[in-house]
Amino acid sequence: LIAPGGDLLCGLALTAVGVITALTTTGTVRILFSLPLVVVLPGYALVSALYPAKPSYARQPVPGLGTRAALAVGVSITISIPLLFLLGTTNIGLGTQTVVVGLGTVSAVGYLLAGRRRLRLRREHRFHLPLRRWAQQLYTGVLRQDSPVDVVLNVALVIAVVLGVSA
């Protein structure tokens with residue numbers, strides 16, 4: 001998943017996990033796993049499909065990483081409104097299951113389309129998130145410390161934050 005294009009595979013996997021979790025669980029777990037499905041994943045899929053190339057190789061202006069993130073949130077929320085309207089005015093109905101499946105479908109189709117568009121470009125022209133660099137920086141920042149006490153404190157902090165968010 002850290003290879004170029006791994007962001008699309010990761011997004012597709014998160015979409016599947018979000019849909020399955022939203023359909024099979026309740027409470028805090030459902031909210032934590034469904035929130036990205038509503039707020040980020042459909043928008044990131046469609047932004048990736050619209051802009052498959054790196055900014056330096058594109059023929060038209062391409063948004064940078066920060067702008068892509070903002071667009072992902074904005075497009076996700078914007079997609080939700082017509083989807084809710086469509087579901088509410090048809091015989092399908094407006095319910096948790098239909099909304100989750102609808103957003104999951106939009107996301108999955110967007111990720112597949114983005115993957116297809118990226119594959120049509122030369123490898124060096126394809127956009128990808130610097131996941132490998134981010135993972136290396138995280139590893140270095142958390143586990144590569146001067147003293148073992150710093151490592152234990154960093155790991156404890158990460159565990160505390162995860163437990164605090166999930167409570």
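**Exercise 1.** Decide whether Y44 is buried or exposed.

*Solution.* Start with the scale: buried means under 20% relative accessible area, exposed over 50%, and partly exposed in between, with a 1.4 Å probe and protein chains only. Y44 has a relative accessible area of 11%. Y44 is therefore buried.

The model is predicted: local features need pLDDT of at least 70, side-chain atom pairs count only at pLDDT 80 or more, and totals for chains, interfaces and linings use all residues. Residues are numbered from 1 along each chain as its sequence is written, and side-chain values use heavy atoms, with hydrogens and water left out.

**Exercise 2.** Find the aromatic pair and state which helices it joins.

*Solution.* Rings of Phe, Tyr and Trp (its six-membered ring) pair if their centres lie within 6.5 Å; planes under 30 degrees apart count as stacked, over 60 as edge-to-face and the rest as tilted. The structure holds 1 such pair. Y44 and Y111 form it, at 6.4 Å centre to centre and 45° between the planes, which makes the pair tilted. Helices here are DSSP runs (H or I, at least four residues), numbered from the N terminus. Y111 is buried as well, at 4% relative accessibility.

**Exercise 3.** List what Y111 touches, leaving out residues up to four places away in sequence.

*Solution.* A contact means heavy atoms within 4.5 Å. By this rule Y111 touches L8, G11, L12, T15, L41, Y44 and A45.

**Exercise 4.** Describe the largest nonpolar core.

*Solution.* A nonpolar core is a set of buried Ala, Val, Leu, Ile, Met, Phe, Trp, Tyr and Cys residues joined through side-chain atoms within 4.5 Å. The largest one has 18 residues, and L37, Y44, V100, L103 and Y111 have the most contacts inside it. Two or more residues each come from α1 (6-24), α3 (41-50), α4 (65-89) and α5 (96-119). The largest share, 5 residues, is that of α5. In soluble globular proteins, nonpolar side chains tend to be buried together.
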